[in-house]
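This note is written for a colleague who is meeting the structure for the first time. The points below are numbered so that each may be checked against the model in turn.

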Amino acid sequence: MLVADASIFVAGHTGLVGSALLCLLASRGFTNVLTADRADVDLRDQQSVYRLFEKIRPVRICCRRHRWRYRRQHRLGPPSFSTTT
């Protein structure tokens, strides 16, 4: 169980799923949600990500990249979102 001031890093915070996750965390009272723009870190570069995590020291990392085009092409329908507590 996470406390409300736990540091949580959300990757992809400007996308559909990432921005929804930010709203969900805010609505649940989490106050220390961390994000980084592409100018700050290149998520494709492992060393860059390690340096960022050493700097911000998140307790949890949320990386939810959704492949809508894949789901649409394979007629899987809209995604189902689940939350864990």
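Predicted model: local features only at pLDDT ≥ 70, side-chain atom pairs only at ≥ 80, totals over all residues.

1. A residue is called buried when its relative accessible area is under 20%, and exposed when that area is over 50%. By this criterion, the buried residues of helix α2 are Ser48, Val49, Leu52 and Phe53. These four cover an arc of only 130 degrees around the axis, and they therefore lie on the same side of α2. The other side of the helix carries Arg51, Glu54 and Lys55, which are exposed. Among the elements that cover the buried residues of α2 are β1 and β3.

2. The chain has 85 residues, of which 24% count as buried.

3. In general, the strands of a sheet pair through backbone hydrogen bonds, in either a parallel or an antiparallel manner.

4. The pairings of β1 may be followed residue by residue. Four bridges join β1 to β3, and Ile8 stands opposite Arg60 in β3. Two bridges join β1 to β2, where Ile8 stands opposite Val33. The side chains of β1 are divided between two directions: Ile8 and Val10 point one way, Phe9 and Ala11 point the other way, and all are buried.

5. Helix α1 comprises residues 16-27, twelve in number. From its first C-alpha to its last it reaches 17 Å, which is close to the 16 Å expected at 1.5 Å a residue. Which residues of α1 are buried? They are Val17, Gly18, Leu21 and Leu25. Seen down the helix axis, these residues fall within an arc of 95 degrees, and so they line one face of α1. The face turned away from this buried side bears the exposed residues Leu16, Cys23, Ala26 and Ser27.

6. The buried residues of α1 pack against β1 (8-11), β2 (33-34) and β3 (60-63).

7. The largest nonpolar core has seven residues in all: Phe9, Ala11, Ala36, Val41, Val49, Leu52 and Phe53. Both β1 and α2 (46-56) supply at least two residues of this core, and the largest share, three residues, comes from α2. A second, separate core has six residues, including Leu21, Leu25, Phe30 and Cys62. As a general background, nonpolar side chains tend to be buried together in soluble globular proteins.

8. Val49 is in contact with Val41, Asp42 and Leu43 when its neighbours within four places are left aside. Ser48, also found in helix α2, touches Val41 and Asp42 when residues up to four places away are not counted. Is Ser48 buried or exposed? Its relative accessibility is 11%, and because the limit for a buried residue is 20%, Ser48 counts as buried.

9. By way of background, most residues other than glycine have a negative phi. The relative accessible area of Arg57 is 56%, and because exposed residues are those over 50%, Arg57 is classed as exposed.

Key
Residues numbered from 1 in each chain as written. Heavy atoms only, no water. Expected span 1.5 Å × (residues − 1). Buried < 20%, exposed > 50% of the residue type's maximum accessible area, 1.4 Å probe, protein only. Arc of directions from axis to C-beta. Contact = heavy atoms within 4.5 Å. Core = buried A, V, L, I, M, F, W, Y, C linked by side-chain atoms within 4.5 Å. Pairing = 2+ DSSP bridges.
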